[in-house]
Amino acid sequence: DYEKSGIAMKSTGVAMTVNDCDFSTRNACALSITEANSAISDCEFSDCGSKDYLAGAIYYQSENFGPSIQKCKFESCTGSKAGALWMFKLKGISDCEFISCKSTEIEGVTEIAVYCSNYVQGDPALKECSFRDCSLNIGNSGWQSTLTLVKNSQFYNSNLYYHSKYS
């Protein structure tokens with residue numbers, strides 16, 4: 001799915017650091033990262049993506065690494081599963097703001113900003129974030145009951161779906 005053109009920046013197996021950048025990639029995914037460490041901070045993503053990509057802003061696929069996404073703003077991004085972030089495992093997200101991001105292919109719900117397809121790593125995996133008019137979906141994770149999934153975060157007209165029918 002991510003071999004398509006229409007990706008602003010792509011990394012496969014090579015560490016990626018992105019700081020202080022603005023992305024507006026209508027009809028394209030902003031960042032695609034596969035099997036690599038990454039650090040993304042102080043970035044703004046607006047009007048990124050389309051229904052043709054799993055995520056509008058950031059697609060992150062890795063079984064061995066986890067991202068660090070800090071102090072970023074995601075607004076009005078669109079993807080088939082997540083407007084802002086599609087991740088294999090939820091880890092390392094802090095101080096981010098998600099506003100009016102949309103998903104297009106999940107029946108019964110259209111406001112998924114962050115979609116975690118597999119499991120959670122980190123304690124907490126997501127902290128000090130705000131969701132406004134969009135939601136967080138944590139899929140079929142092998143979550144351990146001793147971990148904190150989300151800490152010190154706000155949900156305004158938004159939801160947290162865990163092991164839901166939308167996973």
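Okay, a definition to start: helices (H or I, at least four residues) and strands (E, at least two) are DSSP runs, numbered from the N terminus. Before I use that, bear in mind that this is a predicted model, where local features need pLDDT of at least 70 and side-chain atom pairs count only at pLDDT 80 or more, while totals for chains, interfaces and linings use all residues. Residues are numbered from 1 along each chain as its sequence is written, and side-chain values use heavy atoms, with hydrogens and water left out.

You'll find serine 103 in strand β14, which covers residues 102-103. Is serine 103 buried or exposed? Its relative accessible area is 3%, so serine 103 is buried. The cut-offs here are under 20% relative accessible area for buried, over 50% for exposed, and partly exposed in between, with a 1.4 Å probe and protein chains only.

And what is serine 103 in contact with, leaving aside its neighbours within four places in sequence? On one hand there are Gly79, Ser80, Lys81 and Ala82, and on the other Val109, Thr110, Glu111 and Ile112. Contact, by the way, means heavy atoms within 4.5 Å. For isoleucine 112 we have a distance too: its backbone nitrogen lies 3.3 Å from a polar atom of the serine 103 side chain.

Next, the sheet. Here 6 strands make an open sheet with parallel pairing, and the order is β2-β5-β8-β12-β16-β19. Two strands pair if DSSP finds at least two bridges between them. Which strands stand at the edges? Those are β2 (16-19) and β19 (150-151); each has a single partner strand, so one side of each is left without a neighbour in the sheet. If you look at β12 (residues 93-94) and β16 (residues 126-127), they pair in the parallel sense over 2 bridges. Within that pair, isoleucine 93 stands opposite leucine 126 in β16.

On to charged side chains. How many salt bridges does a search of the whole structure find? The search finds 3, a salt bridge being a side-chain nitrogen of Lys or Arg within 4 Å of a carboxyl oxygen of Asp or Glu.

Take aspartate 47 and arginine 26, whose closest N and O atoms are 3.5 Å apart. This pair links distant parts of the chain, 21 residues apart: aspartate 47 is in the loop between β6 (44-46) and β7 (58-61), and arginine 26 is in the loop between β3 (22-23) and β4 (29-34). Aspartate 47 is partly exposed at 30% relative accessible area, whereas arginine 26, at 58%, is exposed.

Then there's lysine 51 with aspartate 52, where the closest N and O atoms are 3.7 Å apart. Lysine 51 is exposed at 54%, and aspartate 52 is partly exposed at 39%.

There's also glutamate 75 with lysine 73, with 3.6 Å between the closest N and O atoms. Glutamate 75 has 30% relative accessibility, so it counts as partly exposed. Lysine 73, at 27%, is partly exposed.

Let me finish with some backbone angles. Aspartate 133 isn't a glycine, yet it has a positive phi of about 60°. Aspartate 133 is in the loop between β17 (130-132) and β18 (135-138), and it is partly exposed at 29%. Asparagine 152 isn't a glycine either, and its phi is positive at about 50°. Where is asparagine 152 found? Asparagine 152 is in the loop between β19 and β20 (154-156).

How values were computed
A polar contact is a pair of N or O atoms within 3.5 Å; within protein, one must be able to donate a hydrogen and the other to accept it, and residues adjacent in sequence count only if both atoms are side-chain atoms.
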